[in-house]
Amino acid sequence: MSSTSWIRILNVGLLSMLLGIASPAAVAAVQVADMRLAIAETDHGVEFAEIASGQARVGFNPLVGQGLTLVAPQGKTLWLRLRMDLPEDGARRYISLSRQAIDHVHLYSGPSLDRPGANGGIASSAVDPAARERWPDAFLLPVPADAVGASTLYLQVQGKGTLNLQPRLVAAEQAEAGAKSASRSYNLLYGSLLLVALLSIIRRLMGRESSLRLAQAALAGLAASMADNHHLPVGIVGGAIAENGNLPVSLWILACATLLRASAQYAGLEKISPGVAVALDRLALFFLVLAAGAMFVPSEFLPQLQLVGFCLLAATALMCGSSLLLDPRHWRWTPLIVWLGMLPALLAIPMSMAQLIPDSMLVRRGFQLLLGLQLLVYLSLPWIRQALQEREKVKRAVVVEPSAEEKIAQAREMVVSSLQAGIESAARGDMEWIAYRRLMAGLKPVLPQTAAAVVAMNYHNEDLLLVEPKDAEPRFRMLLSQRGSLMKNLSRSLAPQQIIIDFDGPEGPLEQVMLAIIPLPIDRPGWGALIIERDAEATYSDEELDLCAEFAALATTAADEAALVLQMRHGKEIDGDSGAFKAEMIEQLLRKAHDHSVQKRIPLSVLRIGMDDFGELPAAVGGNLARQVADAIREETDYGETIGRQSPDEFLVLLAGRAIGDARLLAERICKQVRDQALPTHEGAILSLSVGASQLLPGERTPQLMLDRAQKALAKARVYGGDQVQAIAGGVT
């Protein structure tokens, strides 16, 4: 299989993996239909007790929908009031809030102040199912067990930047399944990015190609994803940096810069479009400056900075995809499709914030999974393509030249097998041609030569001249015309010989031509020889001449045996007087034609052709007339239509594919041709034909009914005086 086919298969596999990246189990939370939400904003330091008792005088604004998206106010605390009806089944439940830039979240069950609460947030260690997984994707706050019936819960939220607050009530098993699914997805994401980075570095160290740009993009994408998902270990980056809300945006801008450079390298823009490559490098440098400056943007401008980072990420996907369009290679299509898929994946985030589509991990992190897939494509496709090219080079490597003995053994085996295969299916008159063509083809790779010819005169009552190459045929014809007697005498010798001869060729006199003359074992009065031409300075060894004689004997013997077999078969199947099939053979052919007509649903017609007054003729005259009538029928019928001699005075013609009307016209032409030939019979009378025609009808399971109708039509033609055609198309006689 070619490298192109392997890369196409890999493209399909990667796209299939893209479609199956997140299963429905990843969306573990289910919205409660009767959850009623309200929101309020207070200063830091306001306790829940003050809100529950009414002392804080907080007014909650009702929310329409599943939640809201807002900018976290500086120095303020957000309170979400959740009212719902909880069933009294004793099942554990959780309030789920998607993982985002929330520093602290606390669940209160009101209005009683005695009920315990649950804490959560990026900096806290919540005790919930997600805490048992390495990479949580949601804050899961357990609902108190005694909260049943009409209940009111309060969420205290403190965060930064843009927040998407869409709380959900989930059962314990849903929470555990969602946490496991999210952790598996993050393992896949982070593992693939880290693997791409390590393999790219290894490839660079091995000297295969420059892949540091891809390693940089993978590491930058890994850091940006972990920071955006709030999975970045604080011990690595430091507490102050980790708490900076600008860090995810800065890292994503840095990732955009590395992705531009990696895409330019993947598309080979340095070679096919240097101007675009320089522009992308300068744009990447500009992004690096923006990434560094983003860390120092004041916190009150974080929402605007997040919007800028989001737009830059979408623009990067568009520019990388556009740069791949300049790549003329066919293996650009998979990464191009992934880049185009990045745009709707990014668009899903604001659509979820606007509550146009449900919030889920795939919506929030789908573009990250696509990024991991894209970098895997960047790594794997060139690597696999290079490996396949190296394998093709190995296949095309120089093969050890076989020895002279091995060449001869291979040629002998080829000649024997090709003779058997070619002659078995050969028709009469083609056997000799096939046998000697195989002979010359078998000698060509083992015997250096400029040209070769086979001359077979009066061989199976035919004269044969085969020449290789074709443009040497005029030269050999002139050789036979000028030195034919010499060639004939040499062919009558028992051993091969080599001679130097001169004669006049098509382009003038030829001098000192070296020829090897190998006699062919053809019985007298016929004769034949294999003539091989070489340069005048070259001579033939005895081993080479013996090899030529061996191959020539093989070819001639094979042709003789095939001719004998064909002659025996011809005697069993063919009528000696007319050359048409015998009655026994025509019955077999009729059954095959009937089966073929039924299977293929094509018409089948027959003609029963009788020679009028044939029984009164002498045997010698009758045999000659049968031969001439058979020849007249062959002149009018097409290739593949079968003629058989049903009885001494009757022929049967099978017409596959002809309807009854066409068969009747054919019969009229046959009668006219015999009439025009004016074949004499006895006492000066002229031979005439009577023809009965019929067609196979739908549903007839044997051809006998068709034959009977044709026989009745023939009898009717003879009753009416002969020299005419009668046809019976249906069952009416």
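R99 is buried, with a relative accessible area of 10%; the word buried denotes under 20% relative accessible area, exposed over 50%, and partly exposed anything in between, computed with a 1.4 Å probe and protein chains only. R99 belongs to the loop between β5 (93-98) and β6. Here helices (H or I, at least four residues) and strands (E, at least two) are DSSP runs, numbered from the N terminus.

Neighbours within four places in sequence being left aside, R99 is in contact with P136, D137, A138, F139, N229, H230, H231 and R365, where contact means heavy atoms within 4.5 Å. N229 stands 130 residues from R99 along the chain, yet their C-alpha atoms are separated by 7.2 Å.

## Basis of the model

The model is predicted: local features need pLDDT of at least 70 and side-chain atom pairs count only at pLDDT 80 or more, while totals for chains, interfaces and linings use all residues. Residues are numbered from 1 along each chain as its sequence is written, and side-chain values use heavy atoms, with hydrogens and water left out.

## The chain as a whole

The secondary structure of the chain comes to 20 helices and 21 strands. The chain has 733 residues, of which 47% count as buried. When contacts between residues at least 6 apart in sequence are considered, 73% of them join residues at least 24 apart.

## Nonpolar cores

In soluble globular proteins, nonpolar side chains tend to be buried together. A nonpolar core is defined as a set of buried Ala, Val, Leu, Ile, Met, Phe, Trp, Tyr and Cys residues joined through side-chain atoms within 4.5 Å. In this model the largest such core has 62 residues, and W339, M342, F367, L375 and Y378 have the most contacts inside it. Two or more residues are given to this core by each of α3 (172-205), α4 (212-228), α7 (247-266), α9 (274-294), α10 (302-324), α11 (333-353) and α12 (361-395). The most come from α7, with 13 residues.

With its neighbours within four places in sequence left aside, Y378 is in contact with L214, A262, S263, Y266, L324, P335 and W339. Another core, of 28 residues, lies apart from the largest one and includes L607, A632, F651 and L689.

## A nonpolar patch on the surface

L194, L198 and L219 form a nonpolar patch on the surface, with about 260 Å² of accessible area together. Patches are made of residues with over 30% relative accessible area and no salt bridge; like charges are joined within 9 Å and nonpolar side chains (Val, Leu, Ile, Met, Phe, Trp, Tyr) within 5 Å. A salt bridge is a side-chain nitrogen of Lys or Arg within 4 Å of a carboxyl oxygen of Asp or Glu. L194 is found in helix α3 and is partly exposed, with a relative accessible area of 40%.

## Aromatic pairs

A pair of aromatic rings is described by the distance of the centres and the angle of the planes. Rings of Phe, Tyr and Trp (its six-membered ring) pair if their centres lie within 6.5 Å; planes under 30 degrees apart count as stacked, over 60 as edge-to-face and the rest as tilted. By this rule there are ten aromatic pairs. F48 and Y108 form a stacked pair, at 4.5 Å centre to centre and with 15 degrees between the planes. This pair links distant parts of the chain, 60 residues apart: F48 is in helix α2 (residues 48-53) and Y108 in strand β6 (residues 102-110). F48 is buried at 5% relative accessibility, and Y108 is buried with a relative accessible area of 18%.

The rings of W79 and Y108 have centres 5.9 Å apart and planes at 35 degrees, so this pair is tilted. Because W79 lies in strand β4 (residues 76-86) and Y108 in strand β6, the pair ties together parts that are 29 residues apart in sequence. W79 counts as buried, at 0% relative accessibility. F48, F60, W79, Y108 and Y154 form one aromatic cluster.

## Backbone features

Most residues other than glycine have a negative phi, and most peptide bonds are trans. A cis peptide bond joins E468 and P469, with omega about -5 degrees; P469 is placed in the loop between β13 (462-468) and α15 (473-491).

H230 is a residue other than glycine with a positive phi, near 60 degrees, and its place is in the loop between α4 and α5 (234-237). R601, also not a glycine, has a positive phi of about 55 degrees. R601 lies in the loop between α17 (583-600) and β17 (604-611) and counts as exposed, at 78% relative accessibility.

Notes: Accessible areas come from the Shrake-Rupley method with a 1.4 Å probe; for residues, only the protein chains shown count as cover.
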